[in-house]
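Colleague: I am new to this structure and would like to learn how to read it. Could you walk me through it, one feature at a time?

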Amino acid sequence: MNRNRIALVAGTLALTAAVAAAQMGGYSPQTLANTPEGKSLVEVLNDLNRYYLYPVNQDKVLRGAITGALASLDDEFTY
């Protein structure tokens with residue numbers, strides 16, 4: 001796994017853990033990867049990098065993950 005991919009996965013996991021912790025107080029970066037949701041996230045990111053037809057812009061994917069995580073809260077004041 002290259003450094004960009006590791007950074008993307010680590011950043012996405014940390015972000016997801018932070019959002020989950022804010023909502024439920026349950027996930028930590030260490031435990032998220034052991035949950036079905038965390039495993040699915042890592043699998044999707046790995047498959048995207050492996051099978052997508054064109055090179056993946058890692059920064060754009062990470063920003064999209066952050067935007068999507070915040071938008072999922074359906075809170076007009078969180079952006």
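**Reading the features one by one**

Modeller: Let's begin with a charged pair: Asp 47 forms a salt bridge with Arg 50, and the closest N and O atoms are 3.6 Å apart. Please keep in mind that this is a predicted model.

Colleague: Thanks! What is the general idea behind such a pair?

Modeller: Side chains of opposite charge can pair when their charged atoms come close. Here Asp 47 and Arg 50 are three residues apart in helix α3, so about one helical turn separates them. Asp 47 counts as partly exposed because its relative accessibility is 29%, between the 20% and 50% cut-offs.

Colleague: How many salt bridges does a search of the whole structure find?

Modeller: The search finds one.

Colleague: Then let me step back. How many helices and strands are there in the protein?

Modeller: There are four helices and zero strands. Along the sequence, the pattern reads α-α-α-α. Of the 79 residues in the protein, 23% are buried.

Colleague: How do I read the length of a helix such as α3?

Modeller: Compare its span with the one expected at 1.5 Å a residue. Helix α3 covers residues 36–51, which is 16 residues, and reaches 22 Å from its first C-alpha to its last, close to the expected 22 Å. For α4, with 14 residues, the reach is 20 Å, close to the 20 Å expected.

Colleague: Which residues of α3 are buried?

Modeller: They are Gly 38, Leu 45, Asn 46 and Asn 49. Seen down the axis of α3, these buried residues fall within an arc of 95 degrees, so they line one face of the helix. The face turned away from that buried side carries the exposed residues Pro 36, Glu 43, Val 44 and Tyr 51.

Colleague: Why does Asn 49 count as buried?

Modeller: Buried means under 20% relative accessible area. Asn 49 has 15%, so it is buried. A polar atom of the Asn 49 side chain also lies 3.0 Å from the backbone oxygen of Leu 45.

Colleague: And what happens at the N-terminal end of α4?

Modeller: Asn 57 caps that end, with a side-chain oxygen 3.1 Å from the backbone nitrogen of Asp 59.

Colleague: Now for the surface. Which residues make the nonpolar surface patch?

Modeller: Tyr 52, Leu 53 and Tyr 54 make a patch of about 400 Å². Leu 53 sits in the loop between α3 and α4. Its relative accessibility is 69%, so Leu 53 counts as exposed.

Colleague: One last topic: how should I read a phi angle?

Modeller: Most residues other than glycine have a negative phi. Asp 74 has a positive value, with phi near 50 degrees. Asp 74 is found in the segment after α4.

Colleague: Is Asp 74 buried or exposed?

Modeller: Asp 74 is exposed, with a relative accessible area of 73%.

Technical notes
Residues numbered from 1 in each chain as written. Predicted model: local features only at pLDDT ≥ 70, side-chain atom pairs only at ≥ 80, totals over all residues. Heavy atoms only, no water. Helix = DSSP H or I, 4+ residues; strand = E, 2+ residues; numbered from the N terminus. Expected span 1.5 Å × (residues − 1). Buried < 20%, exposed > 50% of the residue type's maximum accessible area, 1.4 Å probe, protein only. Arc of directions from axis to C-beta. Patch = residues over 30% accessible without salt bridge, like charges linked within 9 Å, V, L, I, M, F, W, Y side chains within 5 Å. Areas by Shrake-Rupley, 256 points an atom, 1.4 Å probe, with all protein chains shown as cover. Salt bridge = Lys/Arg side-chain N within 4 Å of Asp/Glu carboxyl O. Polar contact = N/O pair within 3.5 Å; in protein donor to acceptor, adjacent residues only side chain to side chain.
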